[in-house]
Amino acid sequence: MVRLSVFMVLAFLCSSTTAIEAAEHPKYKDPKQPLHVRIKDLMSRMTLEEKIGQMTMIELNVTSPEVIRKYHIGNILIAGGSAPAPHASAEKWMDMTDEFQKWALSDRLGIPIIVGTDAIHGHNNVYNSTIFPHNVGLGATWDPQLIKKIGAATALEVRATGIPYSFAPCIAVCRDPRWGRCYESYSEDPKIVQTMTEIIPGLQGDIPANYPMNFPYINNDRIKVAGCAKHFVGDGGTINGIDENNTIIDWNGLKNIHMPAYHDSVRKGVATIMVSYSSWNGKKMHSNYDLITGYLKNKLKFKGFVISDSEAIDRITSPPHANYTYSVQASILAGIDMVIVPFKFVEFIDDLTLLLKKNVIPMSRIDDAVERILRVKFMLGHFENPMADRSLASQLGSQEHRELAREAVRKSLVLLKNGKTGDEPLLPLPKKAQKILVAGTHANDIGNQCGGWTIEWNGQSGNITVGTTILTAIKNTVDPSAEVTYNENPNKEFLNSNDFSYAIVIVGELPYSESVGDSKDLKIAEPGYSTITNVCESVKCVVIVISGRPVIIEPYLEKMDALVAAWLPGTEGQGVADVLYGVYGFTGKLARTWMRTVEQLPMNVGDAHYDPLFPFGYGLTTTPRELIAAQ
């Protein structure tokens with residue numbers, strides 16, 4: 001009896017020791033454990049409040065240690081215009097993100113935070129970052145390998161600020177340029193958009209051989225980020241291009257035009273997918289169970305997490321936020337896993353908690369969402385390395401990345417006209433010239449040439465970040481003996497009193513984003529047209545249009561000797577001068593139809609009424625001067 005008692009005591013002590021070790025060294029903290037074991041172990045320890053916290057993303061400016069710990073917040077949004085300080089350095093950004101992680105890691109389970117930002121044409125929210133051309137320009141390169149390199153460079157710059165998650169790429173198929181987000185779309189052609197999903201392995205890393213099909217993949221070497229294909233689905237097909245509106249199209253049309261790039265994104269291991277503000281045939285996408293759960297999760301077998309757009313669930317009702325409890329119910333039941341509630345997160349948490357306690361939303365739906373979110377966090381290597389890698393600070397705005405952006409600018413430019421009828425081509429321009437006139441509102445303005453989603457949400461005119469304006473690039477390129485004169489909007493008297501060899505007119509749209517950019521007339525900013533008229537009627541001229549889409553230009557076309565679509569080239573304006581002066585040749589081709597009038601819209605390649613000013617795929621070429629000389 002005594003021997004048995006001793007045995008029982010020893011057994012009890014052994015089991016107690018095992019339990020203590022399991023508590024002190026849980027499986028979810030052991031990187032040697034399989035992914036599914038770590039997720040299961042962590043979820044078994046989580047309370048309802050902790051699970052809902054993982055489903056919640058709040059804005060930087062409402063984040064505090066108290067909020068993180070009280071609500072177990074799992075995710076933070078860096079919105080357009082948010083920053084730790086004006087002109088903050090990479091180190092300052094990393095100080096901020098590390099502080100967030102310290103707050104999260106001090107919570108009971110120590111689940112690291114995900115910080116997400118809209119790095120959609122470079123790390124565009126951060127001062128001194130490399131700003132690449134917007135997607136409308138990248139589409140005109142027809143070069144998916146270049147886009148992959150841009151993804152890799154962007155990932156490095158995002159990581160250089162301690163951020164592991166970018167809401168990119170936008171794989172919208174813009175079918176009407178009146179849409180204010182058309183510059184976020186690579187093309188009107190779904191096939192081109194599909195090829196440009198090559199940015200995903202650039203952002204996240206190349207999937208290894210024999211990797212599970214359609215499973216998210218992120219190389220966790222800390223130089224890659226989680227990507228986000230958006231906006232699911234049909235955002236580029238709304239009526240008259242009205243932002244967040246209704247896409248009226250049958251299932252075959254949706255599947256063949258707007259859905260293909262999502263197949264490619266899932267196949268390439270995209271970690272997350274963001275849902276669109278828009279509706280499909282009157283049904284708000286944020287409440288569309290058939291497409292989010294039925295198609296994306298069940299048919300395509302997507303295993304990453306589905307995230308809402310910012311404050312998007314509010315807009316399920318009209319007016320927005322009219323019945324918020326219903327909006328929470330409809331969006332979560334539809335299959336949304338993480339919800340961006342930048343400011344009113346307490347209301348979201350309270351409503352979701354109540355809906356669960358009333359059994360309106362089953363616990364299985366919450367567990368599915370949290371499992372997906374944790375999967376991405378584990379795959380990022382966040383549990384092993386939650387803090388920023390300080391050695392990456394020099395990657396922000398590095399010269400190597402700026403050279404890549406300069407290459408992208410060169411390849412994105414589309415030459416639409418080169419010489420009047422019967423005349424010699426004007427381009428490439430001679431570097432040696434007595435007097436050169438540069439005119440236009442966009443010649444010496446970094447903000448204008450970068451467009452929306454740059455430092456601020458809508459972007460901003462002015463020299464808002466570090467870069468090379470097109471005027472500076474021209475001065476860098478011409479012969480030292482050439483006199484370059486800049487006059488933003490010269491009058492006839494000025495033009496007639498100077499003997500200019502030729503003029504370069506740089507005009508276009510002012511920065512905008514989303515619905516702010518919706519346009520009914522597609523005109524460039526004043527005094528753009530009068531600048532074109534005054535200059536081109538007096539001097540041999542090339543007009544460079546800086547815009548996020550095709551704009552109305554036909555009435556002025558005859559006045560011009562040459563016309564270049566430069567889209568929104570970003571910070572590296574030297575790429576424009578490189579091609580203008582024949583250091584490199586023009587190679588870009590239109591990935592969008594250039595209409596004659598807005599009355600023709602929507603008009604896309606293959607339409608019965610197709611009668612463009614410049615058709616899809618159009619683009620003149622030039623030969624670099626060195627090659628001409630060699631020949």
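Predicted model: local features only at pLDDT ≥ 70, side-chain atom pairs only at ≥ 80, totals over all residues.

User: How many bridges join β5 to strand β7, and do they run parallel or antiparallel?

Analyst: Four bridges join β5 to β7, which covers residues 272-275, and the two strands run parallel.

User: What order do the three strands of the open sheet come in?

Analyst: The order is β5-β7-β10, with parallel pairing. β5 (228-232) and β10 (305-307) stand at the edges, and because each has a single partner strand, one side of each is left without a neighbour in the sheet. From one strand to the next, the twist averages 25 degrees.

User: And which helix packs on the sheet?

Analyst: That is helix α11, residues 260-267, which touches β5 and β7 and whose direction makes about 155 degrees with that of β5.

User: Moving on to α10, which of its residues are buried?

Analyst: In helix α10, which spans residues 251-258, the buried residues are G253, L254, I257 and H258. Seen down the axis of α10, they fall within an arc of 100 degrees, so they line one face of the helix.

User: What covers the buried residues of α10?

Analyst: The cover includes α8 (190-195), β6 (246-247), α11, β8 (279-280) and α12 (289-299). At the N-terminal end, α10 is capped by D250, which has a side-chain oxygen 3.3 Å from the backbone nitrogen of N252.

User: Now the core: which residues have the most contacts inside the largest nonpolar one?

Analyst: Those are F232, I307 and L352, in a core of 123 residues. Helix α15 (residues 363-379) gives the most to this core, with eight residues. Apart from it lies another core of 73 residues, including L413, I524, V598 and F614.

User: What is F232 in contact with, leaving aside its neighbours within four places in sequence?

Analyst: Its contacts, with those neighbours set aside, include M259, Y262, I273, M274 and V275, and also L291, I292 and L296.

User: What does the side chain of S519 make a polar contact with?

Analyst: The partner is the side chain of D521, at 3.3 Å. Leaving aside neighbours within four places in sequence, S519 is also in contact with R178 and R549.

Technical notes. Residues numbered from 1 in each chain as written. Heavy atoms only, no water. Core = buried A, V, L, I, M, F, W, Y, C linked by side-chain atoms within 4.5 Å. Buried < 20%, exposed > 50% of the residue type's maximum accessible area, 1.4 Å probe, protein only. Contact = heavy atoms within 4.5 Å. Polar contact = N/O pair within 3.5 Å; in protein donor to acceptor, adjacent residues only side chain to side chain. Pairing = 2+ DSSP bridges. Axes fitted to C-alpha atoms, helices over the stretch in contact; angles between N-to-C directions. Arc of directions from axis to C-beta.
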